[in-house]
Amino acid sequence: MHKGDTVTVMSATPAPESVSVSGWGRTAPSTARVVRPRSQEEAVAALRSCAERGGIARGLGRAYGDAAQNAGGAVLDMTGLDRVHTIDATGASAASAAGGTVVCDAGVSLHHLMEVLLPLGLFVPVTPGTRYVTVGGAIAADIHGKNHHVSGSFAHHVLALDLLTADGTVRTVEPGTPLFDATAGGMGLTGVILSATLRLHPVETSLMAVDTERAADLDDLMARLTATDHRYRYSVAWIDLLARGAATGRAVLTRGDHAPLAALPDRARTAPLAFRPRRLPPAPRFVPEGLLGRRSVGLFNELWYRKAPRSRTGELQKLSAFFHPLDGVPHWNRVYGRGGFVQYQFVVGYGQEETLRRIVRRISAHRCPSFLAVLKRFGEAGAGWLSFPVPGWTLALDIPAGLPGLGPFLDELDEEVAGAGGRVYLAKDSRLRPGALASMYPRLPDFRALRRELDPNSLFRSDLSRRLGL
Ligand SMILES: Cc1cc2nc3c(=O)[nH]c(=O)nc-3n(C[C@H](O)[C@H](O)[C@H](O)COP(=O)(O)OP(=O)(O)OC[C@H]3O[C@@H](n4cnc5c(N)ncnc54)[C@H](O)[C@@H]3O)c2cc1C
C-alpha cells in the first residue's frame, strides 16, 4: 500500500472494523469494512465474507469519486496482491517495435512496474497523470494517457486477466469476449481482477524528448493539436480556464516521445534507463482558506502561461516530470481543504467543437478556480462497454467542491455534454445523476444484463454503482 492512501488497512483476518473510505477528491467518504487479502485464496475467502452487504475491489484509491467505496459493506483492498510474476523482455531491444510482456498481480502499482521494467528497456503501455494506480484499477477504469490518440486505452494492451467472479470461481478472461468488454472500464462491478498479462512498450532511455509551445486561445490550441498531434506519441495541453476575452482557452502544449539513446548527452549515457523520481515533503494538512481562490489561481495560471516558452523543441525531461509532476508532492489533494474537490472530465466527439467552445466559455465565465485543467484529443475507442474514451476532445478540470453553485452548474454541463453525444468519466465522478448516464453510455443495457446473469445477487456493489444504478 502506498503512503498516499486514504484508508486504514487491515489484513483478511481477524474481522476488521469499519473505517472511513474516500476517493482522491475526498468529497463523499463512506464507512466500510476494509479487508486486505494477500493471496488469491485470501481474496476468495474475503469475497465469501461479503455475501450480505456486498463488496468492491479497491486499488490505490486514485479514482476521484466514489467508485472504490461501499457504504456499509466491504472494500477489498487489493494492494496486498503485489507480485510481478514473469517478464518477457525479448522484444525490448532498441531497434525492436515489439516490446515485451509482464504477468503481474492486480495490486501492483504502475510505479513499481516502472521500477522493475525500465532497467530492462520496457515501459507500461499507458500511464495516467499519476503512477500510483494499480493494474486492477487501470483495467477497471480502462484508463487513458497522453498517448491515447496513438495507443488507445489500457485494456487494449491487456492480453488476459484472471477475474474472481461472484460465484467464487476464478476465470481467465481474454479480449474479444463479453466478460472482457464488460470488465474493461466496468469499475470493478464484474468481479475482482486478481492478475493480468500486459503488453509493454520498448524504450531506449528513461528520458522524454519534449516540445513545448503556447497557444493564444482555444481555437489556436485546437488547430495546433489537430494539425500536428499525429507526429507525437504523447500529447497534452494545459489550459487556462480563468483567462477571458480574447485569451479564453489559452494553453501550453507539451508533446513528445521517449528519447532515443542518441539524443542523450554523454554524461547521461552511463545510466540511460535510470528511474529515480524525486519526492518532496507531503502537502500540509491545513492549507489557508482562499489559497485556491480565484485570485490566487488566476495569478498562478498567469505565471504558468508566461513562464512557458513560446516554442521549444527537443528538451530532455525526466519521465516523472513529463508524466507525473504531481506525484512529487505526496497528499497534494489536501490543498483543497476539508471540503475536497471535484474533478470534472468529459469527452465530446470530433465535429462537436462548438460544444467544447461553449463549455470552455461557460467555465471561464463561471470563474471556476481551476489550476489543473487539461485538454487532449482521443483516438479510437476501445471495446469496453463502459470505457470512457471515444474519438474526440476531452477536457478535465479540478474544482474546489465548495464553490458556490457548483452542483447545478455541472448538471448544466452534463446536459451540454450528453446533448452533444458525449460522456463524463466515471473514474473521476462523484456527482453525476443516473438519468444522464444511459445516453452517455449506450452499451449500459448490455453491461446491466451481463451483471444480472453473472452476479444475480449484486455481490459486487459500490457507492458509484448504487448512485448511478449500474
Ligand atoms: C493525479 C491523478 C491523475 C489521474 N490521471 C488520469 C489520467 O490521465 N487518465 C485516466 O484515465 N485516469 C486518471 N486518473 C484516474 C485513475 O487513473 C483511475 O481512477 C484509476 O482507476 C485509479 O486506480 P486505483 O488503483 O487507484 O484504483 P481505485 O481508485 O482504488 O479504484 C478505481 C476503480 O477500479 C476498481 N478496481 C480497483 N482495483 C480493482 C481490482 N483488482 N479488480 C477489480 N476492480 C478494481 C475499483 O472498484 C474502482 O471502481 C488520475 C487520478 C489522479 C489522482
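Predicted model: local features only at pLDDT ≥ 70, side-chain atom pairs only at ≥ 80, totals over all residues.
Two strands are said to pair if DSSP finds at least two bridges between them.

**Strand β18 and its partners**

Strand β18 spans residues 392-400, and nine of its nine residues are buried. Strand β16, residues 341-349, is joined to β18 by nine bridges, and the two run antiparallel. Strand β17, residues 373-378, also pairs with β18 in the antiparallel sense, here over six bridges. Which residues stand opposite Trp393 of β18? From β16 comes Val348, which stands opposite Trp393; from β17 comes Arg377, which likewise stands opposite Trp393.

**Helix α6**

Helix α6 consists of residues 218-228, and its buried residues are Leu218, Leu221, Met222, Leu225 and Thr228. These residues lie on the same side of α6, because the arc they cover around the axis is only 165°. They pack against several elements, among them strands β17 and β18 as well as helix α9 (353-366). Strands β12 (207-215), β13 (234-239) and β14 (251-258) are also packed against by the buried residues of α6. At the start of the helix, a side-chain oxygen of Asp217 comes to within 3.1 Å of the backbone nitrogen of Asp219.

**A five-stranded open sheet**

Another part of the model contains an open sheet of five strands, in the order β5-β6-β10-β8-β9, with antiparallel pairing. Its edge strands are β5 (84-88) and β9 (170-173), each of which pairs on one side only. From one strand to the next, the twist averages 10°. Strand β5 is joined to β6 (residues 101-105) by four bridges, and these strands run antiparallel. Within this pair, Asp88 stands opposite Thr101 of β6. Helix α2 (residues 110-117) packs on the sheet, where it touches β5, β6 and β10 (192-199). The direction of α2 makes about 45° with that of β5.

Arg26 and Ser458 are residues other than glycine, and each has a positive phi value.

Conventions. Residues numbered from 1 in each chain as written. Heavy atoms only, no water. Buried < 20%, exposed > 50% of the residue type's maximum accessible area, 1.4 Å probe, protein only. Axes fitted to C-alpha atoms, helices over the stretch in contact; angles between N-to-C directions. Contact = heavy atoms within 4.5 Å. Arc of directions from axis to C-beta. Polar contact = N/O pair within 3.5 Å; in protein donor to acceptor, adjacent residues only side chain to side chain.
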